Amino acid sequence: MDDARTVIETTAEGDFGPLVKVRKFVFHVEEVLHEFGPPARTPQLKGYIAAVAANPYAGRYVDDLMPLMEALKPLGLAMAQRLMDVLGGADRIVAYGKSAVVGENGELEHAALWHEPGGYGMRQLMEKSAAIVPSTKKVGGPGTAVDVPIAHAHAAYVRSHFDSIECVIPDAPRANEIVWIQSMSTAPRIYDRAGGLSDADVKGEDGLR
């Protein structure tokens with residue numbers, strides 16, 4: 001945790017190195033109070049943070065993509081901390097997900113580089129987080145919509161926390177950009193009635209149950 005905090009502080013001004021040039025950050029948060037039923041026992045806050053960044057591999061085929069994956073790790077940590085702060089702190093986060101949208105001069109494989117930096121950026125800041133971080137990815141132009149998945153942070157089989165949030169940025173990604181996205185929520189769906197493993201019964205040992 002101390003190492004993660006150091007990385008966040010050193011990147012606070014947007015200095016993420018030569019491969020990661022961020023044009024802007026976008027935040028979106030929803031507070032779900034009801035869905036035409038009784039008021040939620042626990043209102044759900046869910047949201048995303050997106051970084052609109054240059055794609056250093058746009059317009060060309062590059063065989064070794066791993067340098068960008070490594071370079072994205074400080075960004076993943078910094079973004080996760082900022083979204084957690086907006087949602088009330090790391091101890092309130094119960095579910096998470098990630099996504100990426102690649103501009104038309106890039107390729108889908110570029111989005112796959114977000115799996116480790118985007119996912120572990122969130123997990124590293126949470127005291128107990130073992131479940132896989134669900135993901136979506138696509139190629140598209142400015143205004144491309146993507147459904148960013150959300151699932152339980154400790155046990156992937158908990159149905160009550162399966163959710164998503166749509167990310168749309170009107171001017172991104174431009175052709176030579178990528179939008180990197182992390183999603184989180186502070187509660188399950190407010191009227192979950194789908195059965196299955198309950199949150200109270202989670203052991204959290206294997207990331208599944």
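Strand S7 (177-185) is largely enclosed by the rest of the structure, because 9 of its 9 residues are buried. Buried here means under 20% relative accessible area, exposed means over 50%, and partly exposed lies in between (1.4 Å probe, protein chains only). Strands (E, at least two residues) and helices (H or I, at least four) are DSSP runs, numbered from the N terminus. Both faces of S7 are covered. Glu-177, Val-179, Ile-181, Ser-183 and Ser-185 are buried on one side. Ile-178, Trp-180, Gln-182 and Met-184 are buried on the other.

The structure is a predicted model, in which local features need pLDDT of at least 70, side-chain atom pairs count only at pLDDT 80 or more, and totals for chains, interfaces and linings use all residues. Residues are numbered from 1 along each chain as its sequence is written, and side-chain values use heavy atoms, with hydrogens and water left out. The predictor's confidence in each residue is given as pLDDT, from 0 to 100. The protein chain has a mean pLDDT of 92, and 93% of its residues reach 70 or more. Over residues 1-12, pLDDT stays under 50. For that stretch the model has 16 contacts beyond four places in sequence, a contact being heavy atoms within 4.5 Å.

Strand pairing was examined next. Two strands pair if DSSP finds at least two bridges between them. S7 pairs with strand S2 (44-54). The two are antiparallel, over 9 bridges. Ala-54 has Glu-177 in S7 as its bridge partner. S7 also runs antiparallel to strand S3, joined to it by 8 bridges. Within this pairing, Gly-97 stands opposite Ser-183, and Lys-98 stands opposite Gln-182.

Strand S3 (95-102) is likewise covered on both faces. Since 8 of its 8 residues are buried, S3 is largely enclosed by the rest of the structure. One side carries Ala-95, Gly-97, Ser-99 and Val-101. The other carries Tyr-96, Lys-98, Ala-100 and Val-102. S3 runs parallel to strand S4 (residues 135-139), with 5 bridges. There, Lys-98 is partnered by Ser-135. S3 is also joined to S5, in the antiparallel sense, by 2 bridges. His-152 in S5 is the bridge partner of Ala-95.

The largest nonpolar core has 37 residues. Such a core is a set of buried Ala, Val, Leu, Ile, Met, Phe, Trp, Tyr and Cys residues joined through side-chain atoms within 4.5 Å. Leu-68, Leu-72, Leu-75, Tyr-96, Leu-113, Trp-180 and Met-184 touch the most other members. Two or more residues come from each of S2, H2, H3, S3 and S7. H3 gives the most, with 7 residues. A second, separate core has 15 residues, including Ala-50, Val-146, Ile-165 and Ala-172.

Helix H5 (residues 115-123) has buried residues Pro-117, Gly-118, Gly-119, Gly-121, Met-122 and Arg-123. These pack against helix H2 (66-71), helix H3 (73-86), S3 and S7.

A search of the whole structure finds 1 aromatic pair. Rings of Phe, Tyr and Trp (its six-membered ring) pair if their centres lie within 6.5 Å; planes under 30 degrees apart count as stacked, over 60 as edge-to-face and the rest as tilted. Trp-114 and Trp-180 form a tilted pair, 5.2 Å centre to centre, with 35 degrees between the planes. Trp-114 lies in the loop between helix H4 (108-112) and H5, and Trp-180 in S7, so the pair ties together parts that are 66 residues apart in sequence. Both Trp-114 and Trp-180 are buried.

A charge sits over a ring if NZ of Lys or CZ of Arg is within 6 Å of the ring centre and within 35 degrees of the ring normal. The charged end of Arg-82 sits over the ring of Phe-25, 4.7 Å from its centre. The charged end of Arg-123 sits over the ring of Tyr-120, 5.0 Å from its centre.

Some loop residues deserve mention. Ala-155 lies in the loop between strand S5 (146-152) and strand S6 (163-167). Ala-155 counts as buried because its relative accessibility is 0%. Beyond four places in sequence, Ala-155 contacts Ala-131, Leu-197, Val-202, Gly-207, Leu-208 and Arg-209. The peptide bond from Ala-172 to Pro-173 is cis, with omega near 0 degrees. Pro-173 is in the loop between S6 and S7. Phe-36, in the loop between strand S1 (22-32) and S2, has a positive phi, near 70 degrees. Phe-36 counts as exposed because its relative accessibility is 82%.
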